[in-house]
Every structure is written in C-alpha cells, then in structure tokens.
Amino acid sequence: MQIKQFGIFITIFLVSFQLKAQNVDLFAEENNKKVSDIVTSTFKSTRIVNGQSIENVGAGVMDFRISHRFGALSQGGYNLFGLDQATMRIGLDYGVIPRLTVGVGRSTFEKQYDAFLKFKILQQQTGEKNIPVGISYVGSTIFKTIKDASTSYTPYITDRLSFAQQILIASKINDYLSIQLSPTLVHYNLVDSAKIPNDFKSLGISSRFRVSKRVNITSEYYIRFDKLAGYYNPLSIGVDIETGGHVFQLHVSNSKGMTERTFINETTGSWMDGDLCFGFNIVRAFSIRKPKELRGIKW
Amino acid sequence: MKKISIVLSILVLGISIHLNAQKVFATKTGQLFFNATGGIEKIAAVNNQVDSKFVDATGQIIFGVLVKGFKFENQLMEDHFNENYMESTQYPKADFKGYIKNIKEVDFSKDGKYPITIEGNLTIHGVAQKVSTSGSLEVAQGKPTIIGEFSVKIKDYGIKGLYIGEKIANEAKIKVNCKFQN
C-alpha cells in the first residue's frame, strides 16, 4: 500500500515537473543570435579631400558637390594669398544601388570633364562575419576640352583622354580612426614626349580622425612611383564638418587639381616652399528615389 | 475503485497538461516605424526586420530590432542617426520585454479584432524605461497581428544631440505592425 502511494506520488511529481517545463519564458531566452554588423561611416564623405573615399552615396541619393581651390598662400598680398586665383569643380554623384555610385563633373582646370564609377567589392563587417577591411574599385575618365596650342602635330580627339584606376582598401579601426590605402594607376593617352611613360603608378594613404561627433580631421598623401619631373607628391590636411544635410570639407593642400590625374601627378606646389592652397568642398544630398522599404508608407 | 480514481486523476492531469500547452507565436519580419519630425524636414524611418515573440497563455511578449536596420530616405540622415544619436556601434539593439495584460480576453480560435494593453520595459540606447500602451490584436485564420502606437521622449533614453527639440521632435512616434506565424 505504501509502495503504491509512493508510486502515485512519484507519478504526480513527474507530471507536475512536466507541467513546469511547459512554461515558456521569453525573457530568459538569451538572445545570443549573432548578427553581422555592417561598418558604416568609415569616412564622412565620398571624398577624403581630393581623392575618393570608400564611402558610396546612398542608393537613390544625389550629391551635389562644389569643390573650390584657391591659389597658393605663398603668392603674397598682391593676390590676397591666393584668393584671387580660384579653380573649381562642380559635380553630381548618384547612388544607383548601395554598392554602386556614378558621377560626373566639370573642372575649370583645363576645362576638364570627368566621369567615374565606384563599386564596393567588399563591405567591412563585424560580428558573425568578421571582415576587417572594405574594398572598392574606382574607375574614372577625364576629358580635357581646353584648346590645344597650335603645333605641327594634329591631335586626335582621344588624345584628350586620361584614365585613373584605383583600388580603395579601407578600415574603420574604431569610431575615432579610419585609414585607407589607395593603389592608383593613371594612364595618359598623350604625353609630352616619347621618353615619358603613359602610365603612372602611385599609392594613396589617407586617414580620418574624429575630434567630436560632427568634426573630423582628414589627411591624404599620395606617394608617386612614376614621376613627372617638376611636380610634387600631394599632401592635404582637412577638417570635415557636418551639419544636418550638409558636409563641409575645409582643407589646405599643395595641390590645386581635383581630378585624379591632376592632383596626383601634376601637383605644382611644394609644402617646403609654402605653396599651400586653401580649399573647400560643399556637399548637399538630395533624395531622388525613395528606398524600396519606404515606398507606399503613409506617415 | 481506488485504481479507477488513480487512473482518473492521471487522465485529468494529462488533460490539464494539454490545456496548459503554451503556444509561442513568432515573427522575424515585423515592421516598426518611427517619426520624429520636428521641423520641415521629415525625420522618419522604417525597420522591416522586427523580431518578436509572444506566448498565448501568459501574454509574455518581446520585440527586438537592430538599430542599423532602420531605413531613412536620406542616407546622410541615417548615418547621423546611427553615429551621432543612437550610437549604434555601442548599442546595436533596441528591445521591449513585457506582457499583454488582457491576453485572456483574446480568443485565438475566433477571428476578430481584440483591443489589448501592453506593459513592459523598452530599452533604447542602453537605457530601459517603463512603457505602457494600448493597441490591437487581430486574429485572422488563427494568425495574430499586433498593431500598436506609442510615443517615447527621446531624452529619457540618454540620447543627446544638437537638433533634439528643433529639427528633431522631443517625442518620437513609434508604430508597430507585426504579423505572427504560428
């Protein structure tokens, strides 16, 4: 009899235990699910100073970009320390998809037109999938339309073209520091003499350092491996300031050009001689196309 | 006689187990909208990957989102949202843990729209605050949909920024729309 009662007790105990196990506690379910976190804002703008950064324009967004470069400070008071001699570039960049940006621009220097495309090959990620660097490709074509000096040589229209190919390898190390390496190949369809090569290799080294939430210090330096005589390596130091829908980039540089071939290979100023130029970029972003997630929503 | 009673009691227990079996409804594709427009410029975003679960017997309910999953019309705004306001690298997730207070009034076997009240803790930017709101639970062919709307004071969650109170409203309106699978 006692054994029987004990049996019943055990049964009830087990059953009640089972009952307890049925209680689901969602709060206790530790959300250990690891997710890949895409690294954003490696740089604050699609350009570091003159050169392309790994950032793309958002899909459906059009950036209107005005870049201004003044003359060298070393020119003295007569030219108001370079302010009399401004060159500029007006450009429109458009994000086709998150990974692809295309853009066109017009520079006053040599009356250049340029067009580029930038494609993100690898996205930096943390979390489940850890990818420490992001990689992008940039291809740009530059077409100068300034009239040629009359010589005995009859130029082809294609002589006016030059091309730049870049691979951008960037890493946001933390919220405060990002670095980027940009191996670059610039090709000129026409150079001054047969002795000069058509292809010029260089390596860009750039960084962003965060000072506050809205202010970042940037730097950009290109080491040229193939050099055109009489030109210098470009070094630029800038400040990025963000306000609402704008990014202001102020900088000093020994380069006045804004297209790859000009600022990398044809920098006329030298830091040693004080040939520094003040310049700025202003960017305004316009939403052209709504992201598909936001279509058809009534707020 | 005794044997019968034992068998009976076990049977009853068995039935009660069956009755007690809780059902967990879940979704990974819930929608969450927020609107914090303070000025002319629309400051609003949507997240289509809301993770949510609830238990029909207890009314226990959880919501979770990745802050970086919010999509804005303007990319720059999205960057500022993540970097300057939500600090989403440091606080990647926002979640809600609470209870549907009147879950007993919902009959999951019958289609219809039931008003519900939800109470619990909302954690944004690493700060938890008590939130209570009313919404609705609609059952259609056994599948529930929860719709809710509430506002949060941005500064209550330790979110700081230049434009809060100007371009950005002090209170953000939040709308939730989750269609659950069973």
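**Strand 8 of chain A, in context**

Guide: In chain B, 56% of the contacts with a separation of 6 or more are made by residues 24 or more positions apart; a contact here means that two C-beta atoms, placed from the backbone, lie within 7 Å. This is a predicted model, in which local features need pLDDT of at least 70 and side-chain atom pairs count only at pLDDT 80 or more, while totals for chains, interfaces and linings use all residues. Residues are numbered from 1 along each chain as its sequence is written, and chains are lettered from A and ligands numbered from 1 in the order in which they are written.

Chain B has two helices and nine strands, in the order α-β-β-β-β-α-β-β-β-β-β. Helices (H or I, at least four residues) and strands (E, at least two) are DSSP runs numbered from the N terminus. Of its 182 residues, 31% count as buried. Buried means 20 or more other C-beta atoms within 10 Å of the residue's own, exposed means 12 or fewer, and partly exposed lies in between, with C-beta atoms placed from the backbone.

Chain A holds two helices and 14 strands, and 34% of its 299 residues are buried. Among its contacts between residues at least 6 apart in sequence, 56% link residues at least 24 apart.

Strand 8 of chain A pairs with strand 7 and with strand 9 of that chain; pairing requires at least two bridges found by DSSP. Strand 7 (residues 134-144) runs antiparallel to strand 8, with 10 bridges between them. One residue pair there is A:Y137, bridged to A:I167 of strand 8.

Elsewhere in chain A, A:N56 sits in the loop between strand 1 (36-38) and strand 2 (61-72). A:N56 counts as buried because it has 22 C-beta neighbours inside 10 Å. Leaving aside residues up to four places away in sequence, its contacts include A:T46, A:G95 and A:K120.
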